Amino acid sequence: MHPSLTDTPTPRRAATVHFPGEPGYDAARTPWNLAVDQRPAAVAVPRSVAEVIDVVTAAVARGLRIAPQSTGHGAAALGEQPLDDVMLLRLDELTGVEVDAEAHVARVLGGTLWQDVVAAAAAHGLTAAHGSAGDVAVAGYVLGGGLSFYGREHGLASSHLRAVELVTADGTLVRATADEHADLFWAVKGGGGNFGVVVAMEIALLPIADVVAGMLLWDLSRAEEVTRTWAEWTAELPESVTTSLRYMRFPPLPELPPFLSGRSLVVIDGAVLEDDDRAAELLAPLRALAPEMDTFSRIPAAGLLAVHMDPPAPVPSVSDHAILRELPPAAIGALLAVAGPGVETPLMFAELRHLGGALARPQDAALDRLDGEYALYAIAVAPTPEIAAIGTAATSEVVAALRPWSTTRTYLNFVDRSVDVATGFDAAAWDRLGEIRRSVDPAGVWVAAHPVGAR
Ligand SMILES: Cc1cc2nc3c(=O)[nH]c(=O)nc-3n(C[C@H](O)[C@H](O)[C@H](O)COP(=O)(O)OP(=O)(O)OC[C@H]3O[C@@H](n4cnc5c(N)ncnc54)[C@H](O)[C@@H]3O)c2cc1C
């Protein structure tokens, strides 16, 4: 892989830095999750690796801690921490993708969005283990593991990481791979933004040009039979199928298509990595429930970014999460009781993502696997602090209702509030992460959404 993106000589100039009270500060500190009012001591927006190094060196010299942030999709957990002595280091201006089509590897700069990587890979008949939203950044997603609709067959996105380049707390640019700085490489695969500013990642691409993907949609009044069928179906599936099931509630809005506007729905979506006949055979039990809409068909792989219908622009939201061991009828009853038809709730989504397969097989990484059958994620829109409080209570109620079937672990990419971060890891990985953090960042410079090994 030719490292030209970070090696390109760029004119040495200073990164833009915004301080409270100055024009530009409010725009620069605003994260994707608009419910988060993060107020750091300063916001730096570097455009090159040299500028990242200068910013880190200057911030540390002034006694500031540093919070790297690419988009702010994961800003809620960060925003719960005190930021008065923290420089927010926004990576939005450090973006770019190069695809080595022969090696099936993409090299991406620190703040690059998945949609740009997927588009660049698609030009070569390739794709990547991206998540459901194209405007999530590669860095934060992979640092947390990365759960995609290719996951049950191809594992966590972090298992496709080939190299990472970070600026460490002493201002050094370090390249970590399975062979160089192997401890650091292990730590960034799930251990979050606790070790430095990621300025580049090299990611193995998947040789997938097109995929059977789409969604099936019913009125929410069908939730019970659809959920029971999906639960039985997911228990028998091959690893080639990764789907989610959601209860979705939409306000009547003119900008929404009529099939969503003002509707309460149950939706199953995802991908089937099979030929058309086998895919149709696998989808048959769901299609037998006569969905109101069925978009499953063979599409260009880049189209998978659209099937989950994630918001196309920043949204204020609150959420809660758990990992479920199983989804027996009693658990479905509990979910229906808090989020099903007829329930008055401010929830926008109550979602279950099917895990297992390659996601459950250990890899050599801080987050070695996701142990459990389903990831539960409940979300409410939170345009004001008062509505956020109501939404937080509703999302917590969903998680509480499913507690009897939950594991004690969490998947930190789905955790938007302060939790015991140790629940993201097994005990040995948690201890090792702490040791690595203390060795690369003894002064505790980095402020991550999910802190590990902090002083
Ligand atoms: C609409 C939506 C859809 C989602 N879909 C999925 C999904 O399908 N699968 C999944 O696994 N997750 C999903 N997520 C969760 C998402 O992966 C996490 O929120 C992730 O942290 C976002 O990464 P980011 O860099 O865009 O966000 P940010 O908020 O910018 O980053 C989150 C944290 O990552 C670290 N970080 C980010 N960039 C850097 C960097 N360059 N250097 C060092 N540290 C960095 C920091 O600690 C930062 O606080 C979704 C979230 C949303 C809001």
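## Ligand contacts

A polar contact is a pair of N or O atoms within 3.5 Å; within protein, one must be able to donate a hydrogen and the other to accept it, and residues adjacent in sequence count only if both atoms are side-chain atoms. Gly 72 uses its backbone, with a polar atom 2.9 Å from an oxygen atom of the ligand.

There are 33 residues around the ligand; a residue is near a molecule or strand if one of its heavy atoms lies within 4 Å of it. Ser 70, Thr 71, Gly 74, Arg 353 and Tyr 411 come nearest.

## Basis of the model

This is a predicted model: local features need pLDDT of at least 70, side-chain atom pairs count only at pLDDT 80 or more, and totals for chains, interfaces and linings use all residues. Residues are numbered from 1 along each chain as its sequence is written, and side-chain values use heavy atoms, with hydrogens and water left out.

## The five-stranded sheet

Helices (H or I, at least four residues) and strands (E, at least two) are DSSP runs, numbered from the N terminus. Two strands pair if DSSP finds at least two bridges between them. Five strands make an open antiparallel sheet, in the order S5-S6-S9-S7-S8. Strands S5 (97-100) and S8 (173-176) are the edges, each pairing on one side only. From one strand to the next, the twist averages 15°. Axes are lines fitted to C-alpha atoms, for helices over the stretch in contact, and angles run from 0 to 180 degrees between N-to-C directions.

Strand S7 (residues 161-167) joins S8 through four bridges, antiparallel. Leu 166 has Val 174 of S8 as its bridge partner, and Val 164 stands opposite Ala 176 in S8. The two strands form a hairpin with five residues between them. Gly 171, in the turn, has a positive phi of about 80°. S7 also pairs with S9, antiparallel, over six bridges. There, Leu 161 has Ile 203 as its bridge partner. Six of the seven residues of S7 are buried, that is, under 20% relative accessible area; exposed is over 50%, and partly exposed is in between (1.4 Å probe, protein chains only).

## Helix H5 on the sheet

Helix H5 (residues 114-122) packs on the sheet and touches S5, S6 (105-109) and S9 (197-204). Contact means heavy atoms within 4.5 Å. The direction of H5 makes about 35° with that of S5.

Which residues of H5 are buried? They are Trp 114, Val 117, Val 118 and Ala 121. Seen down the axis of H5, these residues fall within an arc of 95°, so they line one face of the helix. The arc is that of the directions from the helix axis to the C-beta atoms. An α-helix has 3.6 residues a turn, so residues three or four places apart point the same way. The cover over the buried residues of H5 includes S5, S6, S9 and helix H6 (138-143).

## Positive phi in two loops

Most residues other than glycine have a negative phi. His 181 has a positive phi of about 45° although it is not a glycine. His 181 sits in the loop between S8 and helix H8 (182-188) and is partly exposed, at 48% relative accessible area.

Ala 290 is not a glycine either, yet has a positive phi of about 50°. Its loop runs between helix H10 (276-287) and strand S13 (293-294). Ala 290 counts as exposed, at 53% relative accessibility.
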